[in-house]
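This report goes through the packing and strand pairing of one protein model. The structure is shown first, and the description follows it.

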Amino acid sequence: MATSPSSHSAPTVKPKGKRLGITLRRRSRFRRKFRHWLDTKRLFRTSAFRLAVIYATLFSALSAATLGFIYWSTRDQIESQVDTRLRLETDFLINLYKSGALPELLEAIQRRNQIDTYGRFYYLAHSDTLSPTSEQNEQDMPIRMTSTRSHTTRNMGDVADLPPGSSRAYNPVRVAETELANGLKLTIGHEISDEKALLDHTFVLVLGATFLTLLFSLIGGMWIGTTVLRRIDSVNRAASDIMSGDLSRRLAVTERDDEFDEVSIKINQMLNRIEDLMSGMQQVTDNVAHDLRSPLTRLRNRLEVTLLEEREADNYRAVMEEAIGDADSLIQTFNSMLSIARLEAGIDAVEWADANMGDLVTELAELYEAVAEDSGLSFEHNIHTSPILHCNKHLIAQCVTNLLDNSIKYTPVPGRVSLSLNGDDEQFTITVADNGPGIPANDRKRVFERFVRLENERNTPGNGLGLSLVQAVVRIHGATLVLEDNNPGLRTTIHFRKVKRSAPSREVLAPALASLAS
């Protein structure tokens, strides 16, 4: 018979690409198992899991102690009830024995042994021979005697005559033994198989409840630890993105409003502040380059033009005075920046003390009344209170001075500028008002930014840091600053609350003023 070629073909060999795919899948499964093992190890190292294990152990121990106490109390109560019944039976039979009614005693014992309604048995015998009651001699039973009782738990086969191989031989029996006179012993036994079964069942329930308590506590600990790890991983991912340069990244906030959400909200607020600072620093760089370049360029061009040809001494003097004016403008700008930096560093914190605001505002009013008159403006001041404020008096004076300078600078002649102090000892306001052009409503927030100057201010002296410094002083004193229309003009009001404040430290000043220092 001819043989088919396929019957002796060589074994099938898997293609190389297929073997490589199987190897890669095995490696992938191994990596997944390894990562899972690492996550498990990491879970066991978390504080939440450790606290959960400690709590589970303590709670399980307390539960076991409580259930164990219930078990032992139940057992003692059952034994006490059985012993009480045995004691009553013993007392009844001993009373018959003491009365000398021996036939009635023997009859009662035999009758009880025959009925055995409650699983009891009765013996009256010599303590050394344990002969049955039917063999007792009437002359051996005196009327008067003393008795000694004991209660023990034994096996049925140890205290009762049972047929060989009886299934009741190992049943538990509660035995009451009473030593009588002349070596006699009255033994009454009560089978407690049902009670023992109840106690065994209760013991199993105690062990099961303790085990389940420990098991579910551990499961809860693992669940809590896993939940905490997920939240921490979310924070780590967000932190990694932020460190990579994504300042717009924020931590996730859930609807549970738990302690993690509270921390996330605070961190997000901090990140918002940092993002604002970074944007502000970039803006400061542009503004500094723009505002400092112009006076430096004018100064250089003026000096260069002066050197192109010979001039009179008066001309050189005029050019030098103009150069000095440009230098003063630059110095004023850097002084303002330095003042903000000093506030941020807390250098002026030692100068905080209680100050009379009425006296301070009165001094400033007297000073600027002359300045306003020289500028052709009318000046009014109204001081209606004299509260005491714990503050840096020099910073408050500089703050009000900046506001008065702006009002006098931008109010046309003839105009009016006013300074007022109103309120009481608990809260008060300092208000500077004028009837000048004012500030448009959409620009009132922007004017507090560093180096910001409105279009109509470009041709007037200044560096755009005055209101920034005012806002910084207001913040560190816990006050609020409000810009309002004066119809016409601008009314600037600083609201103070008289709260006992200590001098702020660098940590307190930095968040409030970091946006104002470059």
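The text below covers the open sheet, the nonpolar cores and a few individual elements of this predicted model.

**Sheet**

Five strands make up an open sheet with mixed pairing, in the order β6-β8-β9-β11-β10. The edge positions belong to β6 (378-383) and β10 (480-485); each has a single partner strand, so one of its sides has no neighbour in the sheet. From one strand to the next the twist averages 10°. Within this order, β9 and β11 are antiparallel, and Thr 431 stands opposite Thr 493 in β11. Helix α8 lies across β6, β8 and β9, and runs at about 170° to β6.

A further antiparallel pair is formed by β5 and β7. Here Trp 352 stands opposite Asn 392 in β7. Of the 5 residues of β7, 4 are buried.

| Pair | Sense | Bridges |
|---|---|---|
| β5 and β7 | antiparallel | 5 bridges |
| β9 and β11 | antiparallel | 7 bridges |

In soluble globular proteins, nonpolar side chains tend to be buried together. The largest nonpolar core here has 40 residues, and the members touching the most others are Met 357, Phe 379, Leu 404, Leu 419 and Phe 496. At least two residues of this core come from each of β5 (352-356), α8 (357-374), β7 (388-392), α9 (393-410), β8 (416-423), β9 (427-434), α10 (466-476) and β11 (490-497). The most, 8 residues, are given by α9. Another core, of 21 residues, lies apart from this one and includes Leu 96, Ile 188, Ile 192 and Leu 199.

What does Met 357 contact beyond its neighbours within four places in sequence? The partners are Pro 387, Leu 389, Cys 391, Ile 396, Leu 421 and Phe 428.

**Helix α10**

Helix α10 is largely enclosed by the rest of the structure, because 9 of its 11 residues are buried. Among these buried residues are the nonpolar Leu 467, Leu 469, Val 470, Ala 472, Val 473, Val 474 and Ile 476, and Ser 468 and Gln 471 are buried too. Just after α10, Gly 478 takes a positive phi of about 70°.

**Thr 306**

Is Thr 306 buried or exposed? Its relative accessible area is 6%, and the cut-off for buried is under 20%, so Thr 306 is buried. Thr 306 lies in helix α6 (residues 259-306). Not counting residues up to four places away in sequence, Thr 306 touches Arg 311, Tyr 316 and Val 319.

Definitions and conventions: Residues numbered from 1 in each chain as written. Predicted model: local features only at pLDDT ≥ 70, side-chain atom pairs only at ≥ 80, totals over all residues. Heavy atoms only, no water. Core = buried A, V, L, I, M, F, W, Y, C linked by side-chain atoms within 4.5 Å. Buried < 20%, exposed > 50% of the residue type's maximum accessible area, 1.4 Å probe, protein only. Contact = heavy atoms within 4.5 Å. Pairing = 2+ DSSP bridges. Axes fitted to C-alpha atoms, helices over the stretch in contact; angles between N-to-C directions.
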